[in-house]
Amino acid sequence: MALLIAVVYYVALFIVASLYAKKKTKSAEDFANAGGGMGWIMVTFTFVLAPLGSGHTMSLWQKAAGGGFTDWANFTGIGAGAMWWAIGAGAVFLPIAMLWIGPIYKKMRATTVPEAIERVYGKKLAWFHAGFQTMTWTGIGCSETVAIGAAIYTLCKASGIDLSIYAAIIIGFVLVICYVFFGGMLQMAWLNVINAVVMIVASYSAIAIIAVNYLAQFGGWKGVQAVYEQMGYSNILTQVSTLTQMPVWLSVIIPVIVLHTTAGAVSQTMMQPFFAAKDTSSCRKGVFVGCSFNIMSSLPWIFLGMAAMTIPAIASTVSANGLEAVPNIAAAGLPVPAIGLLMIALLAATLSTGGGIVLANANVMSHDIFYKCVKPNLSDHGRLVATKVCIIIAALLLLPGALLMAHEFVFNLFLWVFSFGMPVFIVFIIGYNFKVSKSAAWITIIVSYIVDCIWTFLPMESILHLKAGSIWGMNLYATMVVSLVLGIVLHLILPGTPGWKKTKAAQKLAAEQAEIDHSHAQTQA
């Protein structure tokens with residue numbers, strides 16, 4: 001029954017959205033960026049769902065729940081402190097992106113992030129970022145595919161179907177392709193708008209049912225509180241109580257805020273909706289709706305993760321990465337149709353990000369690598385075909401990693417691959433606003449990438465004789481310091497030209513965009 005509900009919902013949704021988008025998609029530009037005609041509602045919800053995915057569902061319940069322990073003395077969860085992850089992304093990253101970064105890309109009249117970087121620093125750095133961005137976001141896409149597989153696994157288990165997590169991940173890979181293959185950006189946008197509403201309704205309905213029908217026998221939320229208090233973890237029961245816990249801030253919250261803001265700003269996956277916006281107003285208008293929705297959508301997963309670990313029969317089945325916490329409490333505490341609703345909500349979040357990653361990587365591969373480097377004279381139809389072929393390739397790249405990561409904790413992957421975006425963001429902002437020095441940009445990015453890999457894969461705490469848990473053993477802080485110092489100092493001392501927005505080309509494009517914005521404003525009036 002649970003599987004049937006999900007299958008009917010998504011099959012119907014895919015068919016309707018695909019047919020609608022296919023009628024509207026007449027060119028490669030329509031497919032990649034919806035012809036640059038999306039209004040603020042579609043831009044807002046397409047953008048808001050882009051960073052949700054496994055980061056705001058699976059990773060949140062993993063961090064909240066901990067896992068793989070037989071004694072509470074070994075508990076590794078941060079409970080309600082995980083909510084600061086969502087608050088940081090929703091209240092910091094989203095406003096910065098919607099009010100500042102998105103409008104910058106519209107003013108530059110670029111169609112991809114690498115193209116925007118090309119206008120500031122030239123083709124070589126743009127190609128480098130295009131290739132590297134595709135590789136790093138493939139890593140994030142692997143974790144999305146795992147989360148999609150976890151939802152399918154739970155649906156099958158609730159329906160009495162004995163399906164392994166690996167088979168479920170393969171099915172998830174097919175769904176990711178279907179999310180964007182037929183109508184591109186417009187298909188994904190319509191799916192995201194509908195899924196946004198369904199996700200909120202389904203996830204909150206599911207936790208209400210669990211609270212009334214299942215947790216009540218354990219004392220409800222008071223019972224959950226009692227267990228944490230009894231075991232000495234009352235300090236992670238609310239967001240307020242975690243405000244003074246510096247380890248939580250330094251190891252989770254600050255990294256999430258910094259990496260979402262910097263890496264997200266130069267990521268095709270995150271910024272894709274802004275390239276599809278009709279004007280700068282469409283980038284900005286939905287900021288309050290978007291921030292609120294992003295934060296609200298994360299609460300149910302944290303609640304379920306925390307509750308699961310207070311029930312011994314469930315906690316004993318959760319592996320070290322906490323993956324099974326939510327699927328298992330859903331299986332134990334929800335009637336089968338409600339499991340279908342909860343997994344629809346999880347699929348809504350993870351498919352939106354997984355599909356977004358595949359479409360973004362395909363756009364970069366086809367537009368910035370294949371079209372610009374290999375076939376500059378390719379026809380529009382040829383570009384459309386190339387983009388669809390690249391969708392298949394981009395999705396296939398996710399599958400091996402997802403199968404390998406089925407039982408791994410994804411937060412460390414997030415820290416590593418998102419840190420690659422930090423130096424790119426810093427040099428892009430400097431080059432756009434103040435000064436363009438290609439030498440400074442290249443040195444900053446290459447050295448920062450080397451530092452990121454060294455701090456990720458070598459035991460830096462031991463090498464540097466640091467205390468266990470020191471922030472200087474984390475790749476994030478080392479990469480951040482190197483990126484800032486090199487980016488600022490080298491741009492000050494090495495020769496260069498004035499910031500890009502001060503050039504005649506920039507002023508011309510900005511004037512053209514201002515005229516488009518004014519025309520749209522008059523039409524709406």
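**Cysteines**

I count a disulfide as a pair of cysteine sulfur atoms within 2.5 Å. With that cut-off in hand I went through this predicted model, and a search of the whole structure gave me zero disulfides. I wanted to see why, so I took two cysteines in turn. For Cys156, the closest cysteine sulfur belongs to Cys178 and lies 16 Å away, which is too far for a bond. Cys156 is buried, at 5% relative accessibility. For Cys283, the closest cysteine sulfur is in Cys291, and the 14 Å between them is again too far for a bond. Cys283 is buried as well, with a relative accessible area of 0%.

**Salt bridges**

Next I turned to charged pairs. How many salt bridges are there? My count came to one salt bridge. The partners are Arg119 and Glu115, whose side chains meet at 3.6 Å, N to O. I found both in helix 6 (residues 113–121), four residues apart, or about one turn of the helix. A reminder to myself: an α-helix has 3.6 residues a turn, so residues three or four places apart point the same way. I also checked the cover on each partner. Arg119 is partly exposed, at 29% relative accessibility, whereas Glu115 is buried, at 9% relative accessible area.

**Asp452**

Asp452 is buried yet has no salt bridge. Which side chain of opposite charge is nearest to Asp452? I found Lys63, and Lys63 is 17 Å away. What I did find for the Asp452 side chain is a polar contact with the side chain of Asn475, at 2.8 Å. Setting aside residues up to four places away in sequence, I listed the residues that Asp452 touches: Trp416, Ser419, Phe420, Asn475 and Thr479.

**His491**

Helix 24 (residues 475–493) holds His491. Is His491 buried or exposed? I have it down as buried, since its relative accessible area is 4%. With residues up to four places away in sequence left out, the contacts of His491 include Tyr121, Val427, Ile430 and Lys435. Ser437, Ala440, Ala441 and Leu486 are also among the residues that His491 touches.

**The nonpolar core**

I then looked at the largest nonpolar core, which has 175 residues. Which of its residues touch the most other members? Tyr228 and Met271 do. Helix 18 gives the most to this core, with 16 residues.

**Helix 15**

Met306 also turned up when I went through helix 15, where it is one of the buried residues. Helix 15 spans residues 299–308 and is mostly covered, with eight of its ten residues buried. Besides Met306, I noted Pro300, Trp301, Ile302, Leu304, Gly305, Ala307 and Ala308 as buried there.

**Gly340**

Last, I came back to helix 18 (residues 336–374), where Gly340 is found. Gly340 is buried, with a relative accessible area of 0%. I checked Gly340 against Ala151: the two are 189 residues apart in sequence and 9.2 Å apart in space, C-alpha to C-alpha.

Key
Residues are numbered from 1 along each chain as its sequence is written. This is a predicted model: local features need pLDDT of at least 70, side-chain atom pairs count only at pLDDT 80 or more; totals for chains, interfaces and linings use all residues. Side-chain values use heavy atoms; hydrogens and water are left out. Buried means under 20% relative accessible area, exposed over 50%, partly exposed in between (1.4 Å probe, protein chains only). Lys and Arg count as positive and Asp and Glu as negative; His and the chain ends are not counted. A salt bridge is a side-chain nitrogen of Lys or Arg within 4 Å of a carboxyl oxygen of Asp or Glu. A polar contact is a pair of N or O atoms within 3.5 Å; within protein, one must be able to donate a hydrogen and the other to accept it, and residues adjacent in sequence count only if both atoms are side-chain atoms. Contact means heavy atoms within 4.5 Å. Helices (H or I, at least four residues) and strands (E, at least two) are DSSP runs, numbered from the N terminus. A nonpolar core is a set of buried Ala, Val, Leu, Ile, Met, Phe, Trp, Tyr and Cys residues joined through side-chain atoms within 4.5 Å.
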